[in-house]
Amino acid sequence: MTMTERATALNTPPVPVPTALTEFFWEGVRSGELRILRCQACRYFVHYPRPLCNKCGSTDLAPEQVSGRAVVYSYTWAAQAFHPYFVDRVPYNIAVVELVEQPGLRMTTNVVDCPPQTLRTGMAVEVVFRQVGPDLVLPLFQPDTTGEPVSTQNEEER
Ligand SMILES: [Zn+2]
């Protein structure tokens, strides 16, 4: 890869392509809201977006704004760039965070503004919306600034 090609690629991250099922999520992100599908029959949150409630099977799902508060469930460090955009960004973390609204309600993200040595499972984080490309805002997470206690209990799996 030449320097010219690399410089061009660096400012252009891979961009998700919204579908009819995921458009609400990206609209929310552009509005500074984290919206998660919720079953209107049994009130269970469903993420990633899908057409059926994975608890009761209802197709009556609607997006609802959630608090954006979460705890780090798991993470890893990516040391190798799989796309030119990431060449100067490695190592970076890939984290799975569990939203406080429901045990097991998890999303994959990056934890930003967090010194690598302080990133831990169970730490409280909050959503932050970052413009990462010309046409792309992502919901990332930063260490919690509210100081409010966050339950890390997960009766379903712990
Ligand atoms: Zn349901």
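1. C42 comes out partly exposed, at a relative accessible area of 32%, whereas C39 is buried at 0%. For these labels, buried means under 20% relative accessible area, exposed means over 50%, and partly exposed is in between, using a 1.4 Å probe and protein chains only. Keep in mind that this is a predicted model, in which local features need pLDDT of at least 70 and side-chain atom pairs count only at pLDDT 80 or more, while totals for chains, interfaces and linings use all residues. Residues are numbered from 1 along each chain as its sequence is written, and side-chain values use heavy atoms, with hydrogens and water left out.

2. Both of those cysteines belong to the zinc site: the ion is coordinated by the SG atoms of C39, C42, C53 and C56, at 2.3 to 2.4 Å. Donors here are N, O and S atoms within 2.8 Å of the metal (3.2 Å for Na, K and Ca), and water is not among the atoms, so sites may look incomplete. Along the chain, the zinc donors are spaced C-x2-C-x10-C-x2-C.

3. What is the geometry of the zinc site? It is tetrahedral, with angles of 104 to 114 degrees among the 4 donor atoms.

4. Three strands form an open, antiparallel sheet in the order β2-β1-β3. β2 (45-46) and β3 (61-65) stand at the edges with a single partner strand each, so one side of each has no neighbour in the sheet. Strands (E, at least two residues) and helices (H or I, at least four) are DSSP runs numbered from the N terminus, and two strands pair if DSSP finds at least two bridges between them.

5. β1 (residues 35-39) is joined to β2 by 2 bridges, and 5 bridges join β1 to β3. On the β2 side, L37 has V46 as its bridge partner; on the β3 side, R38 stands opposite A62. The hairpin of β1 and β2 has 5 residues between the strands, and there R43 takes a positive phi near 70 degrees.

6. Is β1 enclosed or open? It is largely enclosed by the rest of the structure, because 5 of its 5 residues are buried. R35, L37 and C39 point one way from β1, and I36 and R38 point the other way. In a regular strand the side chains alternate between the two faces of the sheet. Worth a look in the viewer: both arginines, R35 and R38, are among the buried residues.

7. Leaving out residues up to four places away in sequence, S58 touches the zinc ligands C39 and C53, along with A41, P51 and L52; contact means heavy atoms within 4.5 Å. A polar atom of the S58 side chain also lies 2.9 Å from the backbone nitrogen of D60.

8. Helix α2 (residues 23-30) lies across β1 and β3, at about 140 degrees to β1. That angle is between N-to-C directions, on a scale from 0 to 180 degrees, with axes fitted to C-alpha atoms and, for helices, over the stretch in contact. The buried residues of α2 are F24, F25, W26, G28 and V29. They pack against β1, β3, β6 (106-109), β7 (124-133) and β8 (136-143). Just after α2, G32 takes a positive phi of about 75 degrees.

9. From A95 to V111, C-alpha to C-alpha, is 6.5 Å, for two residues 16 places apart in sequence.

10. Overall, the protein has 2 helices and 8 strands, in the sequence pattern α-α-β-β-β-β-β-β-β-β. Of its 158 residues, 39% count as buried. Among contacts with a separation of 6 or more, 54% are between residues 24 or more positions apart.

Definitions and conventions: Four donors count as tetrahedral if all angles lie between 85 and 135 degrees; four count as square planar and six as octahedral if opposite donors are over 155 degrees apart and all others between 65 and 115; anything else is irregular. A polar contact is a pair of N or O atoms within 3.5 Å; within protein, one must be able to donate a hydrogen and the other to accept it, and residues adjacent in sequence count only if both atoms are side-chain atoms.
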